[in-house]
Amino acid sequence: MVDIGDKPISARSAVARGKIRMLPATVAAITSGTAPKGDVLAAARLAGIQAAKSTSDLIPLCHIVPLDSVRVDIEHTSNDGFLVVARVTCTGRTGVEMEALTAVSVALLTLYDMAKSMDESMVIERIELVEKVGGVRGDWRRDDLGGDSSDVSSPNG
């Protein structure tokens, strides 16, 4: 593991996102609450939060980070999918990018697992870091076109 003992403690945050595409009938079952496994969205949100808290157990050499907050939002983006967004904050010596990315990944996998009996054609795509705030390297945000941007003037946009 990298030694972070000399790094200053500071407020840090990260936002990640990812998408899942599926058949319109699968989206309808999930949004109406009629999926065979129950409340798919609630299970996926909880799985994402739990995953963020367990990141250091899943990713080798990842530091244990005491998290201040984890929020996982899942929004119906069209008739063929959902967007998962995770926001993670901490006050510590290292960032929470991995926690945000892990939350999104596990929430998406949970959506897949809970809907696979209805739709084997689902596709998980574009899991990515959207922004990180704090730390020695400073703030970073992905621009609207999906590229990289290191010119972030404010952590809130």
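Helix 4 contributes three residues to the lining of the largest pocket, the most that is given to it, where helices (H or I, at least four residues) and strands (E, at least two) are DSSP runs numbered from the N terminus. The model is a predicted one, in which local features need pLDDT of at least 70 and side-chain atom pairs count only at pLDDT 80 or more, while totals for chains, interfaces and linings use all residues. Residues are numbered from 1 along each chain as its sequence is written, and side-chain values use heavy atoms, with hydrogens and water left out.

**Largest pocket**

- The volume of the largest pocket is about 390 Å³, a volume being the space filled by probe spheres set on grid points that are joined across faces, edges and corners.
- A pocket is an open set of points on a 1 Å grid over the protein atoms alone, where a 1.4 Å probe fits and protein lies on both sides within 12 Å along at least five of seven lines; lining residues have an atom within 4 Å of a point.
- The lining of the largest pocket consists of 21 residues, and Lys7, Thr94, Gly95, Glu97 and Arg137 are those that lie nearest its centre.
- At least two lining residues come from each of strand 1 (10-21), helix 4 (97-115) and strand 4 (123-133).
- Sorted by class, the lining holds nine nonpolar, six polar and six charged residues, with Ala, Val, Leu, Ile, Met, Phe, Trp, Tyr, Cys and Pro counted as nonpolar, Asp, Glu, Lys and Arg as charged, and the others, Gly among them, as polar.

**Chain as a whole**

- The protein chain has four helices and six strands, which follow one another along the sequence in the pattern β-α-α-α-β-β-α-β-β-β.
- The radius of gyration of the protein chain is 17 Å, close to the 15 Å that the globule rule gives for 157 residues, so the chain is as compact as a globular protein of that length; the radius is taken over C-alpha atoms, and the rule is 2.2 Å times the number of residues to the power 0.38.
- The C-alpha trace spans about 50 × 35 × 20 Å along its principal axes.
- Of the 157 residues, 40% count as buried, where buried means under 20% relative accessible area, exposed over 50% and partly exposed in between, with a 1.4 Å probe and protein chains only.
- The accessible surface comes to about 8,600 Å², of which carbon and sulfur atoms hold 53%; the areas come from the Shrake-Rupley method with a 1.4 Å probe.
- Among contacts (heavy atoms within 4.5 Å) between residues at least 6 apart in sequence, 67% join residues at least 24 apart.

**Segment before strand 1**

- Ile9 lies in the segment before strand 1 and counts as exposed at 53% relative accessibility.
- Leaving aside residues up to four places away in sequence, Ile9 touches Thr91, Gly92 and Arg93, whereas the C-alpha atoms of Ile9 and Glu120, 111 residues apart along the chain, are separated by 45 Å.
- Asp6 is also found in the segment before strand 1, and Asp6 is exposed, with a relative accessible area of 77%.

**Backbone angles**

- Most residues other than glycine have a negative phi.
- Leu61, which is not a glycine, has a positive phi of about 70 degrees; Leu61 sits in the loop between helix 3 (55-58) and strand 2 (67-78) and is exposed, with a relative accessible area of 63%.
- The C-alpha atoms of Leu61 and Asp6, 55 residues apart along the chain, are separated by 18 Å.
- Arg126 in strand 4 has a positive phi near 50 degrees, and Arg126 counts as partly exposed at 45% relative accessibility.
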